[in-house]
Amino acid sequence: MEAFLQSGEDASLTRLNRLTLREREVLQLLAEGLSTAAIALKMGVSPKTVETHRAHLTEKLQMYDVASLTRFAVRCGLVSLE
């Protein structure tokens with residue numbers, strides 16, 4: 001069972017490594033519950049730039065809803081449940 005869980009973590013980390021630093025940042029902030037506008041303000045970019053980063057990360061991860069992205073971010077340790 002431990003090997004199975006470890007292989008799932010390894011696969012998640014491999015997928016995470018496909019993302020750029022900015023895509024990871026958008027993923028983290030999205031998983032923390034921030035809106036596109038709030039993420040843009042925090043990152044100092046336009047909302048359109050945030051949407052572009054989000055589109056790229058969803059394509060790379062093949063996850064298209066916030067719930068899936070949030071679960072992924074938690075599994076990878078980008079955010080905690082607290």
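Residues 1-8 have a pLDDT under 50, and the model gives them 0 contacts beyond four places in sequence. Where pLDDT is low, the predicted coordinates should not be read in detail. This is a predicted model. Across the protein, pLDDT averages 87. A score of at least 70 is reached by 85% of the residues.

**Overall make-up**
- The protein has 5 helices and 0 strands.
- Read from the N terminus, its elements run α-α-α-α-α.
- The protein holds 82 residues, and 29% of them are buried.
- Among contacts with a separation of 6 or more, 55% join residues 24 or more positions apart.

**Surface**

- Helix α3 spans residues 36-43.
- Which residues of α3 are buried? They are I39, A40 and M43.
- These residues cover an arc of only 100 degrees around the axis, so they lie on the same side of α3.
- The cover over the buried residues of α3 includes α2, residues 21-31, and α4, residues 47-61.
- On the face of α3 turned away from its buried side sit A37, L41 and K42, which are exposed.

**After α3**
- G44 follows α3.
- The phi of G44 is positive, near 75 degrees.

Methods:
Residues numbered from 1 in each chain as written. Predicted model: local features only at pLDDT ≥ 70, side-chain atom pairs only at ≥ 80, totals over all residues. Heavy atoms only, no water. pLDDT = per-residue confidence, 0-100. Contact = heavy atoms within 4.5 Å. Buried < 20%, exposed > 50% of the residue type's maximum accessible area, 1.4 Å probe, protein only. Helix = DSSP H or I, 4+ residues; strand = E, 2+ residues; numbered from the N terminus. Arc of directions from axis to C-beta.
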